[in-house]
Amino acid sequence: MSFAGMLNRLHGQPESYDKKSKYRFGRTLGAGTYGVVREADGPTGKVAVKIILKKNVKGNERMVYDELDMLQRLKHPHIVKFVDWFESRDKFYIVTQLATGGELFDRICDQGKFTEKDASQTIKQVLSAVDFLHENNVVHRGAPMPFCVLACSLLTSLFIDLKPENLLYLTRELESDLVLADFGIAKTLDSKEDTLKTMAGSFGYAAPEVMEQKGHGKPVDMWSLGVITYTLLCGYSPFRSENLRDLLHECTSSQVVFHERYWKEVSEDGKDFILKLIVPEPEQRWTSKQALGHIWLTGKNATEHDLVPELLKGREVRRKFKHAVLAASLQKRIADLKEADSDSDNEMRDAEQAIPSALSSSLSKPEAKTASLRDKMGGAMFREVVLAKLKDEKQKKEALAVDQELEDEARRRSFNGSSSAA
């Protein structure tokens with residue numbers, strides 16, 4: 001045993017903690033209720049390291065160990081690869097490939113031309129990854145189950161978070177693999193409140209049963225894939241509602257509309273594929289196996305219609321939405337994690353300092369105000385404000401009105417809460 005290893009043992013660190021010295025941590029890539037994700041340089045090159053506070057998974061440690069073991073066996077060309085893991089007294093460190101080739105929609109817009117036939121093959125890659133995970137009983141996050149139920153279930157608690165931001169290219173190379181880059185242990189441990197708050201980034205892609213907090217299952221991934229496919233083929237979402245209640249009603253009560261102006265060049269096979277997935281009743285949605293057999297994925301009848309012009313129109317809105325959500329939540333989440341971090345290594349403080357400067361400086365006063373309101377009002381109201389702020393210039397006045405409405409509602413609830421207490 002090395003001298004450093006002996007010191008680690010004296011300080012009560014587990015044996016695997018010695019691996020930490022092999023990694024040099026860089027910028028913070030993200031944060032959640034579980035911990036943070038950092039970029040790092042390691043023995044195999046640049047990697048992503050998810051750092052989970054043990055305090056946040058207390059009572060579920062055995063489940064974490066079991067699923068770390070399972071992660072090592074999940075090998076698929078379109079799923080980000082597990083590299084290693086280690087632990088300290090109060091944290092788990094999960095090391096995976098770092099995908100640096102950019103997000104799906106951004107990459108498509110940058111490459112100049114992307115046809116319906118290209119889209120069918122791209123969706124086929126994603127679907128093959130989803131099918132592989134479903135075969136291994138890995139499903140989308142939903143309402144958390146008690147640990148005793150999880151331990152007895154055939155389902156694992158690894159969850160897919162299926163949305164465009166989590167579909168990444170491994171490298172900048174033209175022939176790079178597209179990978180599903182974010183699924184993991186911690187998502188099942190979120191409370192219902194946390195799930196609603198963190199749904200901001202998934203708004204519009206979540207299945208009705210997820211929004212209603214009725215549970216989770218494999219069909220929710222098929223819904224998300226249907227929405228992604230629709231957006232990929234026309235540049236906009238099939239659902240236009242800006243709050244949770246209206247979105248849920250739209251998803252369950254309205255038919256999917258293919259507007260002639262944007263869909264006239266898209267094949268009937270492409271539309272039929274979508275209609276097999278965006279189905280309100282989970283039991284009537286096609287499974288991943290059924291979807292893989294759909295004729296559209298062969299590319300046989302898919303057109304050579306270029307999708308890039310319409311995708312470019314929606315690109316800036318998507319970027320602003322993502323930026324607003326990150327800027328309004330990343331620092332707040334890490335601040336909460338710092339309070340929960342009991343170790344002396346200042347991991348969460350370092351993560352806060354490693355937030356990219358362009359992102360941390362973007363939290364303007366109005367957005368900071370929105371962040372504080374989000375804490376009072378919860379995820380659904382917060383999404384309304386964020387989405388309103390991302391509309392065209394002519395709708396800024398509407399955003400201010402919504403912001404004022406939020407403040408009034410917060411005061412009203414505060415007053416009612418005080419009255420009840422009295």
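**Exercise 1.** State in which helices of the protein confidence is lowest and highest.

*Solution.* Confidence is lowest in helix 5 (residues 147–152), at a mean pLDDT of 28, and highest in helix 11 (residues 268–277), at 98. Here pLDDT is the predictor's confidence in each residue, from 0 to 100, and helices (H or I, at least four residues) and strands (E, at least two) are DSSP runs numbered from the N terminus. Next, residues 140–157 have pLDDT below 50, yet this stretch has 56 contacts in the model beyond near neighbours in sequence; a contact means heavy atoms within 4.5 Å. Where pLDDT is low, the predicted coordinates should not be read in detail. For the protein, the mean pLDDT is 75, and 62% of the residues reach 70 or more.

This is a predicted model, in which local features need pLDDT of at least 70 and side-chain atom pairs count only at pLDDT 80 or more, while totals for chains, interfaces and linings use all residues. Residues are numbered from 1 along each chain as its sequence is written, and side-chain values use heavy atoms, with hydrogens and water left out.

**Exercise 2.** Determine how helix 4 and helix 8 are oriented to each other.

*Solution.* First, helix 4 (residues 116–135) and helix 8 (residues 219–234) pack at about 165°, with axes 11 Å apart. Axes are lines fitted to C-alpha atoms, for helices over the stretch in contact, and angles run from 0 to 180 degrees between N-to-C directions. Helix 4 and helix 8 are therefore roughly antiparallel, a term for angles over 145 degrees. Finally, among the residues in contact are Ile123 and Leu127 of helix 4 and Leu225 and Ile228 of helix 8.

**Exercise 3.** Describe how helix 8 meets helix 11.

*Solution.* The two axes come within 8 Å and cross at roughly 150°. Helix 8 and helix 11 are therefore roughly antiparallel.

**Exercise 4.** Classify the aromatic pair of Tyr65 and Phe92.

*Solution.* The structure holds eleven aromatic pairs. Rings of Phe, Tyr and Trp (its six-membered ring) pair if their centres lie within 6.5 Å; planes under 30 degrees apart count as stacked, over 60 as edge-to-face and the rest as tilted. Tyr65 and Phe92 are 5.4 Å apart centre to centre, with 80° between the planes, and form an edge-to-face pair. Tyr65 lies in helix 2 (residues 61–71) and Phe92 in strand 5 (residues 91–97), so the pair ties together parts 27 residues apart in sequence.

Definitions and conventions. Parallel < 35°, antiparallel > 145°, perpendicular 65-115°, else oblique.
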